[in-house]
Amino acid sequence: MSFRSYLQRKKDLGSSCLKLALDGHKGDDIRKSLEKLLIEWGIERVCTITVDNASSNDTCLAYMKRSLTNRGCTHARSQYLHMRCVAHIVNLVVQDGLKIMCHPVNRIRHAIKFVRAFPTRLDVFKKCVQLSKVASKGLINIDVATRWNSTFVMLDNVEKFERAFEQYALHDPNYKTELGKTGPEPKPDALDQRGPPTQSDWVYVREFKQFLQHFYDLTNKVSGTKYVTANTFLEEIADVNFLLGEWSDHVICGDDEIFKCMGLKMKAKYEKYWGDPEKMNKYIFIAAILDPSCLVLILYARTKESHFFKDMIEDTYGCIIEENEILWRGYH
């Protein structure tokens, strides 16, 4: 195949993927489109199908398991066909953390919206940036509240402008008044999300932003499309476990209830999906074992008694060997 033919083939596959997304979002619609495209592309062997945890995807995968098994197009009788999207699970973990940290984040978000609402306000804010000698060429940007990675980008950018917001409050008397009315009424025993950002809000956001940086980098890494990612899943899952464990230890030893509650909530969500190695897709382990660089992780687990790796490796090693034999027989 020439390079030009390869590029055309890649373009055709891309347009087909677009068609799949447009056929419908119900489980039956997804499986019909997916099955049609597998036939069109001439794919006769399917190892895994990676999806998020939407119920329509569960319906689709239940059908595809039966169909591919009957056609002899999959391995291990489709036992490990369903691969949960690592980036999606990371998203669920972080979203749980954001729900706890919503009060300082929302106050900062409301302040940004207020300043950006009118050109005159933005001009005043630019002058405040100059007066505060903020070392940034860009300006504040607003996030998409339902996408945590855009929230991270917003926080990463806005924390440089803390002094500019304080200066703005001196120039615009409506700033504190309007923000005091912005947001839902506080429930009993709940923190008030209304008002301008406080000094403690900026402290919370800076520490939370540093924590989110790890998840942001991890998500970008496992979401790559121009390189293989399957062999990195085990390492990335372990990294998340380490980060949450370190964070939980830090906040549990302290007396800050917000950080403590956030760490425990995120850890609970993580445990739901990756807490038990026996419930994880075994291909995650197989891909890692076939990668020579992962031998370092295995040696670390055995020499340093890393709880997460030690349990995963020792509890599933025999099962992995058995499944490899099944896959080998099925392939041949």
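This protein's secondary structure comes to 15 helices and two strands, where helices (H or I, at least four residues) and strands (E, at least two) are DSSP runs numbered from the N terminus. You're looking at a predicted model, so local features need pLDDT of at least 70 and side-chain atom pairs count only at pLDDT 80 or more, while totals for chains, interfaces and linings use all residues. Residues are numbered from 1 along each chain as its sequence is written, and side-chain values use heavy atoms, with hydrogens and water left out. Of the 332 residues in the protein, 44% are buried; buried means under 20% relative accessible area, exposed means over 50%, and partly exposed is in between (1.4 Å probe, protein chains only). A contact here means heavy atoms within 4.5 Å. Among contacts in the protein with a separation of 6 or more, 72% are between residues 24 or more positions apart.

**The nonpolar cores**

- A nonpolar core is a set of buried Ala, Val, Leu, Ile, Met, Phe, Trp, Tyr and Cys residues joined through side-chain atoms within 4.5 Å.
- The largest one has 64 residues, and those with the most contacts inside it are V90, F125, F165, F211, F215, M262 and W274.
- Take F125 as an example: leaving out residues up to four places away in sequence, F125 touches V115, L139, I140, F161, A164, F165 and Y168.
- As background, nonpolar side chains in soluble globular proteins tend to be buried together.

- A cavity is found on a 1 Å grid over the protein atoms alone, as a set of points where a 1.4 Å probe fits but cannot get out, and its lining residues have an atom within 4 Å of a point.
- The second largest cavity holds about 30 Å³ of space. Grid points are joined across faces, edges and corners, and the volume is the space filled by probe spheres set on the points.
- What lines the second largest cavity? Its lining residues are V51, D52, N53, R84, C85, H88, I89, L92 and Y273.
- That lining divides into five nonpolar, two polar and two charged residues. Here Ala, Val, Leu, Ile, Met, Phe, Trp, Tyr, Cys and Pro count as nonpolar, Asp, Glu, Lys and Arg as charged, and the others, Gly among them, as polar.
- Helix α4 (residues 86-100) gives the most to this lining, with three residues.
- Why does the second largest cavity lie between domain 1 (1-84) and domain 2 (87-275)? Both domains give residues to its lining, so the cavity lies between them. The domain bounds come from an automatic or database domain assignment.

**Helix α7 and its cover**

- Helix α7 (residues 148-158) is mostly covered, with eight of its eleven residues buried.
- The buried ones are W148, S150, T151, F152, M154, L155, N157 and V158.
- Their cover includes α4, α5 (102-116), α8 (162-171) and α10 (199-222).

**A buried lysine**

- K269 sits in helix α12 (residues 257-274), and K269 counts as buried because its relative accessibility is 19%.
- Setting aside neighbours within four places in sequence, K269 is in contact with L92, V93 and D96.

**Two positive phi angles**

- S78 isn't a glycine, yet its phi is positive, at about 65°. You'll find S78 in the loop between α3 (55-70) and β2 (82-84).
- With a relative accessible area of 2%, S78 is buried. Not counting residues up to four places away in sequence, S78 touches K65, L68 and T69.
- K133 is also a residue other than glycine with a positive phi, near 55°. K133 belongs to the loop between α6 (119-132) and α7.
- Is K133 buried or exposed? At 70% relative accessibility, K133 counts as exposed.

**Pairs from separate parts of the chain**

- D28 lies in helix α2 (residues 27-41) and is partly exposed, with a relative accessible area of 36%.
- The C-alpha atoms of D28 and T59 are 7.2 Å apart, although 31 residues separate the two along the chain.
- N174 is in helix α9 (residues 174-179) and counts as partly exposed at 43% relative accessibility.
- N174 and F114 are 60 residues apart along the chain, with 9.8 Å between their C-alpha atoms. Not counting residues up to four places away in sequence, N174 touches F114 and L179.

Note on methods:
1 Å grid on protein atoms, 1.4 Å probe; cavity = no way out; pocket = protein on both sides within 12 Å on 5 of 7 lines; lining within 4 Å.
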